[in-house]
Amino acid sequence: RLPYPPPPPIPTYRRRASSSFASRPRRASPRLLPVRAMASGNPYAAELAAAKKAVTLAARLCKTVQQDIVHSGVQAKADKSPVTVADYGSQILVSLALKMDVASGPFSLVAEEDSEELRKEGAEEILEEITDLVNETIVDDGSYNISFTKEGILSAIDDGKSEGGPSGRHWVLDPIDGTKGFLRGDQYAIALALLDEGKVVLGVLACPNLPLSSVNNLNGNSSGDQVGALFSATIGCGTEVESLYGSPPQKISVCSIDDPVNASFFESYESAHSMHDLTGSIAKKLGVQAPPVRIDSQAKYGALARGDGAIYLRFPHKGYREKIWDHAAGSIVVTEAGGIVTDAAGNDLDFSKGRFLDLDTGIIATNKNLMPSLLKAVQEAIKETNQASSLL
Ligand SMILES: Nc1ncnc2c1ncn2[C@@H]1O[C@H](COP(=O)(O)O)[C@@H](O)[C@H]1OP(=O)(O)O
Ligand SMILES: [Mg+2]
């Protein structure tokens, strides 16, 4: 196998002899299909195919690690290292797949992780874990005849240090969105988008634990429902969902509900990530009857895009700055399915300002029918909250 990146000083690839994770049976996984630009009229067809393949490969690695976490009970010990391994591993695989499969030219990736922590003393073991896990995933998949050295791993992670911005093309990646859900054995997503001249033109969301048909089957209502959904959207071409394990893509669209009484809403599982009291008062003002559906990660955007629910509310606590990788893929998945995504003041999200979004208070998403009344309820609820806190 050829070392990556070429030429390496000394290839350091070797099979894992032991692991801090529970040992797992090795099973052959189906090889991912090679990327081919389709004659589809989609100007980003090649990029879309590469993006889907990249997140599918990363999802394989994440699933392996999550199964190990759940089986070994690491979560109970609050040990963050397995999620760290999966985070870095996912980022490396996405970066590799994009560089191998997208037409040559300048490559810019804005991603959550960098290699600083891994270069510190004491990180050798975790670096070895990542190197082994990435190389094993590449061997299992069989698409790329390469093997990473530890130095190659560090430099591949640092491919993600781009600052993004308003000009040129930038890939935007959250290698594991929803790390809290990942550790709990719940929902998470690998979220990848492409910015072109400051606009999101493509987004893919791999959601390995999301039911393929509907989140209404999340609590075991439909035991036969397959999990593992891959959402994809390209500007002007709509949104599709397919199985992460291969199935024909299906066009999806947001629900058409126009009476909030019949609506349900999504929000963060973690109350530290979004103010559940504020979202509760928005829902009450609207007349929403159903209880909130709480799910980790951008899987919420995917679920909204196929009409599993009607509204998404996200109101982080004061001082939190939203990052572009937490919304770029999810927002185009919703807008191409006919929905609207704005900040709390009704402004479009602006992904052209670098690694952060610069926005007013919160993020909301729904269909076109409900947006005017949702915006009104949001603004009233925020005003009341502000008035109440100024009286304290
Ligand atoms: N204090 C916080 N407030 C809001 N969002 C947060 C906070 N801390 C982390 N996040 C981010 O919220 C996202 C998950 O949202 P949700 O709760 O809807 O699943 C993750 O990207 C997570 O970042 P990170 O990926 O760094 O953990
Ligand atoms: Mg995230």
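This is a predicted model: local features need pLDDT of at least 70, side-chain atom pairs count only at pLDDT 80 or more; totals for chains, interfaces and linings use all residues.
1. The residues around ligand 1 are Asp177, Gly178 and Thr179, then Ser268, Glu270, Ala272 and His273, then Asp296 and Ser297, and finally Pro316, Tyr320 and Asp326. Sorted by class, that shell comes out as five polar, four charged and three nonpolar residues.

2. Now the record. An unreviewed UniProt entry puts its "binding site" annotation on Glu112, Asp174, Ile176, Asp177 and Asp326. These positions span 215 residues in sequence, but no two of their C-alpha atoms are more than 9.9 Å apart, so they gather at one spot. Asp177 and Asp326 carry the annotation, and both are also listed around ligand 1.

3. Take Ile176 next. Ile176 sits in strand 4, which runs over residues 169-177. Ile176 has 29 other C-beta atoms within 10 Å, so it counts as buried. Setting aside neighbours within four places in sequence, Ile176 is in contact with Cys62, Val83, Ala86, Asp87 and Ser90, and also with Phe182, Tyr188 and Ile190.

4. Then there's Asp177, also in strand 4. Is Asp177 buried or exposed? It's buried, because 28 C-beta neighbours lie inside 10 Å. Not counting residues up to four places away in sequence, Asp177 touches Tyr188, Ala189, Ala191, Ser297, Gln298 and Asp326.

Technical notes: Residues are numbered from 1 along each chain as its sequence is written. Chains are lettered from A and ligands numbered from 1 in the order in which they are written. A residue is near a molecule or strand if its C-beta atom, placed from the backbone, lies within 6 Å of it. Ala, Val, Leu, Ile, Met, Phe, Trp, Tyr, Cys and Pro count as nonpolar, Asp, Glu, Lys and Arg as charged, and the others, Gly among them, as polar. UniProt positions are given in the numbering used here, feature names are shortened, and annotations may be inferred rather than shown by experiment. Helices (H or I, at least four residues) and strands (E, at least two) are DSSP runs, numbered from the N terminus. A residue is buried if 20 or more other C-beta atoms lie within 10 Å of its own, exposed if 12 or fewer, and partly exposed in between; C-beta atoms are placed from the backbone. Two residues are in contact if their C-beta atoms, placed from the backbone, lie within 7 Å.
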